[in-house]
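Please consult the sequence and coordinates alongside the text.

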Amino acid sequence: MGRSIRFVASAAAFASIVWLVPGAVRAQPAERLERVEITGSAIRRIDAESAVPVTILRMEDLEREGITSVEQVLQRLPFNQSSLTTSQVIGLGTGGASFADLRGIGANKTLVLLNGRRIASNAVDSSAPDLNMIPFAALDRVEVLRDGASALYGTDAIGGVINFITRSGESGTKLSLDATVPQHAGGDGRGISAGVGFGELERDGYNFVGSVDYRKTERINSQQRAFGSRGFRPERGVDGTSSVTTPANYFQGEFSANPSFPGCAPVGKGGSIDTGSGQPLCRYDPTPFVDLMPEVERASLFGKASFKLNRDTVASVEYFLTRNEVRTVVSPGVVGPLTLDSSSPFFPGNGITPAPVNFAIDPGQPIDLDWRTAAAGGRAQTNHNRAQRLVFELDGLAAGWDYRLGASYNESKLTDPLTDGWTQDDAIAAGVAGGILNPFGEQTAEGAAYLAAAGLRGNVRTATGKVSAVDVRIGRELGDWLGAGRPAALALGAEYRRESFTDDINVPVVSQSFGIGFDIDSNPDPDAAGKRSISALYGELNVPLLSTLEGTIALRHDRYSDFGSTTNPKLGVRFQPAPSLVARATYSTGFRAPSLYELYSPRFLTFSRGYNDPLLCPGGVPSAGTDPATACNQFVLAQIGGTRDLEPEKARNFTFGFVYEPSRHFNAGVDFWFIRLRNSIGEFPATAIFDDPAKYADRIRPGADGTLDPFADDPGFIIAAQENLGEIRTSGIDLSANYRRPVSGAGAVVLAFNGSYITRYDYQNEPGGDFTNNLGRYADVRPIFRWKHAVTAAFDAGGWSVGITNRYQSGYADENRVEPEFANRVEPYSLWDLFGGWSPTRTLTLAAGIRNLFDTDPRYSNQGSTFQSGYDPRFSDPTGRALYARLNLQFD
């Protein structure tokens with residue numbers, strides 16, 4: 001029974017998962033957890049036996065459905081409301097990270113573990129780990145605790161815990177090859193992985209398991225998918241264009257013109273269009289240059305060696321290394337303000353560039369312009385991510401106490417080099433002023449050579465996050481205190497952790513291009529760093545009160561070097577009035593100190609989407625004397641970054657539910673959950689500022705010219721840095737059902753269902769402010785889906801299997817930032833995947849299938865929060881129908 005205690009403290013489910021099971025269902029706890037899978041089991045599931053809601057996914061089932069990444073695994077979880085995926089690296093500088101977000105309260109409030117221990121957070125945003133860095137080929141299963149777990153796993157596990165468990169104890173060699181081929185161009189994927197295991201711990205005294213994995217996925221450009229190919233959709237009331245174009249718009253006094261107006265014919269790689277604004281100017285649609293999905297290349301290595309030192313003691317060492325490269329392309333760069341006088345051969349009216357037709361240009365006066373360097377091509381970057389972890393562990397039994405000692409080192413590092421399309425601002429300005437570069441048409445040979453020489457390459461930043469930790473846990477049975485027929489159990493533990501964060505900005509590179517986003521003039525030393533230490537003590541006691549009733553209490557005390565101390569309890573009750581029915585309930589509190597990134601990340605300026613200047617173009621109508629090209633529907637600069645006086649987040653969680661298992665073939669569960677979060681931390685939404693500019697006037701910083709023109713000499717900006725935003729109140733219901741029935745000895749029919757229905761989601765943008773509801777509607781930066789589900793139906797017969805899955809998310813009222821007549825409702829999004837497999841021998845397994853069987857496009861959205869247009873890439877997949885195939889070879 002001591003071994004059961006050891007399992008309790010290391011599993012992803014709450015520590016009482018084993019001890020809250022009465023009678024016969026307590027037998028073989030560790031084996032039961034291993035055997036729980038999507039295809040069901042003849043043995044009652046751990047999920048149906050625990051005091052808290054746990055969902056378990058097995059990788060062999062996910063792989064046969066064509067899953068090739070951890071990000072795709074999380075898309076199968078209806079409890080996950082993540083809004084930051086790999087595609088968001090495009091234009092946003094996330095490093096290509098993908099995060100989990102249980103309950104939609106923030107990725108920084110979902111605790112991600114690997115084999116029960118923390119991994120380093122993303123180096124750019126140290127609030128949460130990047131799921132892409134978890135070694136996919138090494139995984140055996142994923143355990144998802146859908147409840148707050150601060151009392152056991154750490155004070156930031158407010159939304160829940162996701163524990164990725166690697167394979168262990170295996171022997172033999174495995175080779176796997178897979179390929180994914182979309183019906184439409186782009187998005188092809190291919191991968192290879194190999195695993196090896198040898199040694200049997202009980203027999204040989206040692207065991208080693210290891211794996212290597214390589215995968216590459218090609219980019220999808222917006223022009224390869226019609227739904228994402230345009231940013232200007234007048235029939236929808238959407239104008240995602242920019243006033244900075246090529247040929248360039250130019251200004252002289254109160255007059256303005258564009259040499260290609262009214263046709264606005266693009267030059268070279270330009271995207272100049274006439275939007276029908278009534279002004280003799282052109283605008284630029286950047287969408288054709290934007291990738292819908294980046295090119296991703298990933299390789300990982302994992303190994304674990306275990307040694308049996310004596311009958312009761314096992315020592316192990318574990319290491320993984322992952323490298324992830326994400327290549328992105330966005331629109332050509334913008335440079336301005338620029339000045340051109342009549343000494344240039346390209347001055348309007350000098351013979352090459354036609355003179356304006358709407359006013360008489362004065363050759364004695366220069367013209368002003370902003371120019372998009374389309375001839376240089378789209379701006380490309382490659383994010384290089386590297387993550388590694390080393391763990392030493394001693395696991396054993398001494399004097400009736402079950403113990404585990406561990407030490408770990410985690411590191412995440414990112415570099416962000418510029419590759420193509422970037423230019424040096426000063427060189428471009430000099431080339432235009434000197435008559436070498438033509439901002440109105442094709443370049444001469446001299447101009448093309450000059451533009452190439454003005455290219456900018458180099459690393460933008462090097463960000464590193466490190467976590468070092470030591471931990472110890474002991475546990476044992478305490479005897480049957482109350483005569484309930486089962487013993488009470490106790491677990492105690494301690495942990496010490498050091499975290500550090502550095503973000504070194506390469507000033508010589510970033511100072512040469514304003515488009516990179518670092519305003520060196522206002523912040524000449526943008527480097528950032530921070531560190532802290534955390535020590536913790538925790539304990540858990542489970543006491544059977546009656547033969548049908550159990551209670552659990554857990555308590556954890558954390559001490560932060562920079563935020564003081566916090567103590568968080570968790571109470572659990574489990575009642576089983578009949579062998580087939582379980583009722584359960586928990587209450588817990590949570591605490592999350594601001595991450596080092598949220599505190600210390602450098603403040604810098606980044607382009608936000610098109611807004612109307614609240615002073616010069618209120619409601620989209622330019623005031624007298626205002627040029628709409630610089631004040632209406634204009635990209636604005638937002639200052640983002642850390643804030644050092646943030647307060648910690650605090651939360652309360654309550655869950656209760658039921659599990660009904662009338663037979664060995666069927667079980668169903670329902671769980672109600674409630675979360676109240678105070679002092680939530682996040683970037684202040686720009687939409688809130690522009691929706692009520694009078695209220696948030698202190699967040700609007702006009703430039704020297706009194707505007708928010710991002711291309712002015714001293715540009716204005718809005719402040720959207722990390723803030724304590726107030727409360728989040730959310731609640732919902734999780735539903736699950738599983739059925740497995742043998743069919744006349746020929747096989748088995750398997751049905752599995754998981755769904756999540758959100759009943760409430762209200763939040764504040766400031767402490768004490770009004771609550772905003774974004775349940776089933778887009779508000780500020782995103783919607784919350786009222787309903788999501790995943791359903792699988794499969795039939796296994798001997799060496800054959802076939803199945804189908806459905807993933808569904810409900811529709812919602814769109815952002816609707818356009819005119820009322822163009823208000824949109826995003827339709828529900830439902831994807832069907834077909835899969836099958838054949839194992840003719842023990843050595844060979846073949847799997848194939850079709851993802852997105854009906855070639856369903858992402859639903860139209862007029863959102864403007866991402867660089868992609870026409871849909872929301874955070875919640876849908878642009879790939880379309882895709883055929884995948886996998887070959888597995890297994891050798892004993």
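## Charges over aromatic rings

A charge is taken to sit over a ring if NZ of Lys or CZ of Arg is within 6 Å of the ring centre and within 35 degrees of the ring normal. The model discussed here is predicted. In this model, Arg236 places its charged end over the ring of Tyr860, at 3.8 Å from the ring centre. Arg103 is likewise positioned over an aromatic face, that of Trp673, with a distance of 4.2 Å from the ring centre.

## Aromatic pairs

A pair of aromatic rings is described by the distance of the centres and the angle of the planes. The structure contains 17 aromatic pairs. One of them joins Tyr250 and Phe440 in an edge-to-face arrangement, with 5.5 Å from centre to centre and 75° between the planes. Tyr250 belongs to strand E12 (residues 250-252), whereas Phe440 is in the loop between helix H6 (425-433) and helix H7 (445-453); the pair therefore ties together parts that are 190 residues apart in sequence. Both Tyr250 and Phe440 are buried.

Phe753 and Trp787 form a stacked pair, with 6.3 Å between the centres and 25° between the planes. Because Phe753 lies in strand E36 (residues 748-764) and Trp787 in strand E38 (residues 787-797), this pair ties together parts that are 34 residues apart in sequence. Phe753 is partly exposed, its relative accessible area being 22%. Elsewhere, ring pairs connect Phe654, Phe656, Phe672 and Phe674 into a cluster.

## The disulfide

A disulfide is a covalent bond between the sulfur atoms of two cysteines. The whole structure holds 1 disulfide. It is formed by Cys264 and Cys282, whose sulfur atoms are 2.0 Å apart. The link of Cys264 and Cys282 is left-handed, with -90° about the S-S bond.

Cys264 is located in the loop between strand E13 (255-257) and strand E14 (272-273), and Cys282 in the loop between E14 and strand E15 (283-284), so the pair ties together parts that are 18 residues apart in sequence. Cys264 and Cys282 are both buried.

## An open mixed sheet

An open sheet is built from 5 strands in the order E1-E4-E5-E2-E3, with mixed pairing. Its edge strands are E1 (54-58) and E3 (117-118), each of which pairs on one side only.

Within this sheet, strand E2 (residues 110-114) and strand E5 (residues 160-166) run parallel and are joined by 5 bridges. Thr110 has Gly160 in E5 as its bridge partner.

Definitions and conventions. Residues are numbered from 1 along each chain as its sequence is written. This is a predicted model: local features need pLDDT of at least 70, side-chain atom pairs count only at pLDDT 80 or more; totals for chains, interfaces and linings use all residues. Side-chain values use heavy atoms; hydrogens and water are left out. Two strands pair if DSSP finds at least two bridges between them. Helices (H or I, at least four residues) and strands (E, at least two) are DSSP runs, numbered from the N terminus. Rings of Phe, Tyr and Trp (its six-membered ring) pair if their centres lie within 6.5 Å; planes under 30 degrees apart count as stacked, over 60 as edge-to-face and the rest as tilted. Buried means under 20% relative accessible area, exposed over 50%, partly exposed in between (1.4 Å probe, protein chains only). A disulfide is a pair of cysteine sulfur atoms within 2.5 Å.
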